[in-house]
Each structure stands twice: as C-alpha cells, then as structure tokens.
Amino acid sequence: MVGFRTNIKINNNRKELLIWCHIFKQWQKINRDYLEDSNFQDSLYWYNERANISCLAGAIWKIGGYALEEYTTVKGEDKKYGRTDLYFSIDEIAYIIEAKHQWLQFNTKNKNFDSFKDEINCYLSEAVKDCENSMLNENVNNGVGLVFITPYWKTELDKYQELKSFENELLKKDYDIIGTFAINVKNIDDENNLNSNYGNTCNAVYIIGKYLSKDEIVE
C-alpha cells in the first residue's frame, strides 16, 4: 500500500478556523483517492488554481457544507464586477476565499523554504488583498487568502529529501492555516512518483492561508 505524508496546522485560535481541520482532512483524502484511482498517472493538484479550488470545494461538500465557485460579484471600494474564487458555508459559518496557485521549481541545488520565502509571501499577500476586496461588499464575516503550492523537479533528479526538508520548514511557519499532502516515495525509481508528460515530478501540494475578519477590513 502506498504511503502518504499529511499534516494540518492551525496557528490561529479563532473558533471560526476550527472547521479547517475537517476541511483539510477531507481534502487530503480526495487527493489520495484520486491518485490511487488514476494509478498515479494523474492528480487533482498539478493543473491550475481552478482545479485546486474545485478539490477544496469537493472537501467542503463532503463534510456537509455548501460551496460556490467562480461566481460574479461586486468587488472593492469602486464596486466593479469581478469573480470571487470560492464562497462556502458550514454549520452557519460562512467564508469568502481568494486563492493563488504557485509552482515551485526544485531543479537547482539546495532548495529550502528560505529559497522561496519571499516569493511565497508575495503570492499570499496578493491572495489576501483579493480577499479583502471581495469581502467589502459581501455580507460574510470570515475570509481566507490561500496559496496552493506545488513543488516540482525534473524527473531524472533526486529531490526527495529536499522536498521533505521544505515541508518540515513550512510546517514551522506561523501561517494561520497549513495543510500538506505528499506521496511518500523515497527515490527516483519508485513507481508511485507522479511524473508528467513534460518530464517533471510533482509529488506534493501544500495549502497556506491567512485569516481575515470583516470587522478588521471595514475599520
């Protein structure tokens, strides 16, 4: 049986964030089941932002919530029409989500979290800004700016220890929410590596997020 590495961390003690433990558990299960059903020839996470949002929405539906993706709404102080990535409601707690998808190339030597820190935080800042604009004209009190992080490297390279080190460093950071999912392979020849037609290996996806409160945005 194939092993997987999964972790969940909630670094913010607001009660509204407790639901993310349940969302992440189902998100991890959906990613695992899809990989196994496709015999590790395809994944839900190595396409684009919209595909990752769809997987997250699926996790929300699975635990009894309601989710609406890519809907038209009024955004920002200038009240222009745009699209919000995701709205969901679970147990009377509603959220607005804006997300970014970030590819991290591990093809050079000695990649660790510090190598990518500024880039990751830039993506997160953009997602947070989008979320603030989306929440201004919505009657929703909770928001999260999310980044889906997908590391990859050329298939002929051995980056497995670097990936695990990056993952361990990521889990030590103080992002409000962190969810991780990775195939637990140990070498290049493992038949369960997820290898693309472009000659890249992509064995993991991580979610980081920052919580936003409507009260703080409109102050």
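**Stop one: helix 1**

Select Ile19, Trp20, Ile23, Phe24, Gln26, Trp27, Gln28, Ile30, Asn31 and Leu35: these are the buried residues of helix 1, where buried means under 20% relative accessible area, exposed over 50% and partly exposed in between, with a 1.4 Å probe and protein chains only. Keep in mind that this is a predicted model, where local features need pLDDT of at least 70, side-chain atom pairs count only at pLDDT 80 or more, and totals for chains, interfaces and linings use all residues. Residues are numbered from 1 along each chain as its sequence is written, and side-chain values use heavy atoms, with hydrogens and water left out.

An α-helix has 3.6 residues a turn, so residues three or four places apart point the same way.

Now show the whole of helix 1, residues 19-37. Its 19 residues should span 27 Å at 1.5 Å a residue, and the end C-alpha atoms are 27 Å apart, which agrees; the expected span is 1.5 Å times one less than the number of residues. Click on Asn39, which follows helix 1 and has a positive phi, near 55 degrees.

**Stop two: Leu146**

Jump to strand 5, residues 142-154, and pick out Leu146. Is Leu146 buried or exposed? Leu146 is buried, at 0% relative accessibility. Leaving out residues up to four places away in sequence, Leu146 touches Trp20, Leu56, Ile97, Glu98, Ala99, Lys100, Ala127, Ile177, Ile207, Ile208 and Gly209; a contact here means heavy atoms within 4.5 Å. Trp20, one of those partners, is also among the buried residues of helix 1. Ile208 is 62 residues from Leu146 along the chain, yet their C-alpha atoms are separated by 5.7 Å.

**Stop three: Gln161**

Next, select helix 4, residues 160-171, and find Gln161. Gln161 is exposed, with a relative accessible area of 56%.

**Zoom out**

Switch to cartoon and you have 5 helices and 8 strands; these are DSSP runs numbered from the N terminus, with helices being H or I of at least four residues and strands E of at least two. Along the sequence they run β-α-α-β-β-β-α-β-α-β-β-β-α. Of the 219 residues, 53% count as buried. Among contacts with a separation of 6 or more, 72% join residues 24 or more positions apart. Finally, the C-alpha atoms fill a box of roughly 55 × 35 × 30 Å along the principal axes.
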